[in-house]
Structure formats: structure tokens, C-alpha cells
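Student: I've got a model open and I'd like to talk through its charged pairs and helix packing. Can we go step by step?

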Amino acid sequence: MTDDDRPRPKRSWREIDKMRDRGGSTRRDQRDRESFERSTGYTKYKTNLERLFSGGAPLPEHLRGKGGEANEEGDEGRKKLFAIEDPKAFYAAATEYLKANDMPADPRLLDRLLGHPDEDTVDKALSRLEEMHKAGTLKAPPALRDRLASVEIETGDPKIRRRAAELRKALR
């Protein structure tokens, strides 16, 4: 009986895939990766990155100014403010925060400030959102359009109503 006449065992697709996975140049890929990691450019990159994140190196020129103009104290206050879930506590904390800091550039926080009972705060938050939209830096949170619609309904000032409606239509 020749080799062609013998019955061959049927292999499942899983077995065929395992055989395919075993073959290949995994050893070569591993050597290439190791040689890249030993290169001076890679080690320099890793040490500079480590110094940057540990605070030992300044931010590169091309990245400066992209994080906003917020100072560290205002940034911490903004994070604490955003963590408050109770609306009454949030509005009280927001009033205190805005006395010491400028209107934040965080769209999520501005979205929440649109529900503030003080119309002056709502007006300032709306102005900041409009500035960001005109500059093209506004990444609107999902509920912003709904919040703008509620501002249109709840606010007594017709100017704020009109501006909220225009911004809501522009965000479509």
C-alpha cells in the first residue's frame, strides 16, 4: 500500500489553526524588538518620558498651552467641584469656585453650570460655551443639547433663551 492509498486522519479547523500559529518567524520578531529596545534612541526616549512624568523635565514647546491656562489650584478646585453630585451643594460650591477663579474651559462643567439658579452664572457659562464653539475647541458632552433646551424653557431672560437656542442649533 502506497502513501496515497492510506487514509489520512481528518483534522479539525482548530488543529489546522494551531499548526499555522506555531510556524512563522516569532524568533526573528523577538530579536528585532530586543535590538530596537537596546538602541540609544529608544532609551533616550524612555528616560525623557520618565523625567517628564515625574516632574523633572519641562513640557516641550509644541505641547505648551494645549492643556489650557488653568493653574494647579484652580484645576484641583475644578476636579473637586465636578465630583459633587448633589445639585444644591454643587451650585453653592460653584459660586465659591467662580469667586476665586475664571469660568472653566471644561465643557462638562459648563454643562452643569447651565442649570445654576443664578442667571448671571448661566449667562457666563453660555458665553464661555459660545467662545469655545466659535474657536472650534468645544467637544460637546452628550447631554449639552438637552441642557440648552431646558435653559430655553426655564430662563426668564429672552436674550439667554435666544443664545441657548442658537448654540443648540449650531451643535447639531
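Predicted model: local features only at pLDDT ≥ 70, side-chain atom pairs only at ≥ 80, totals over all residues.

Student: Let's take glutamate 130. Is it buried or exposed?

Tutor: Glutamate 130 sits in helix H7, which covers residues 119-135. Its relative accessibility is 18%. Buried means under 20%, so glutamate 130 counts as buried.

Student: Which residue meets glutamate 130 in a salt bridge?

Tutor: Leaving aside neighbours within four places in sequence, glutamate 130 is in contact with Arg163 and Leu167. The salt bridge has an N to O distance of 3.1 Å, and the partner's side chain belongs to arginine 163. Glutamate 130 is in helix H7 and its partner in helix H9, so the pair ties together parts 33 residues apart in sequence.

Student: How do helices H8 and H9 run relative to each other, roughly parallel or roughly antiparallel?

Tutor: Helix H8 (residues 144-154) and helix H9 (residues 158-170) pack at an angle of about 155°, their axes 8 Å apart. Angles over 145 degrees count as roughly antiparallel, so H8 and H9 are roughly antiparallel.

Student: How many charged residues are in the contact of H8 with H9?

Tutor: On the H8 side, the residues include Arg145, Leu148 and Glu152, and they meet H9 residues including Ile160, Ala164 and Arg168. The contact has eight nonpolar residues and no polar ones, and its charged residues number four.

Student: Which residue does glutamate 152 form a salt bridge with?

Tutor: Glutamate 152 lies in helix H8 and its partner in helix H9, 16 residues apart in sequence. The closest N and O atoms are 2.6 Å apart, and the partner is arginine 168.

Student: And arginine 147 pairs with aspartate 111; what is the relative accessible area of aspartate 111?

Tutor: Their side chains meet in a salt bridge at 3.1 Å, N to O. The pair links distant parts of the chain, with arginine 147 in helix H8 and aspartate 111 in helix H6, 36 residues apart. Arginine 147 is partly exposed, with a relative accessible area of 26%. Aspartate 111 is buried, and its relative accessible area is 6%.

Note on methods:
Residues numbered from 1 in each chain as written. Heavy atoms only, no water. Helix = DSSP H or I, 4+ residues; strand = E, 2+ residues; numbered from the N terminus. Buried < 20%, exposed > 50% of the residue type's maximum accessible area, 1.4 Å probe, protein only. Contact = heavy atoms within 4.5 Å. Axes fitted to C-alpha atoms, helices over the stretch in contact; angles between N-to-C directions. Parallel < 35°, antiparallel > 145°, perpendicular 65-115°, else oblique. Nonpolar A, V, L, I, M, F, W, Y, C, P; charged D, E, K, R; others polar. Salt bridge = Lys/Arg side-chain N within 4 Å of Asp/Glu carboxyl O.
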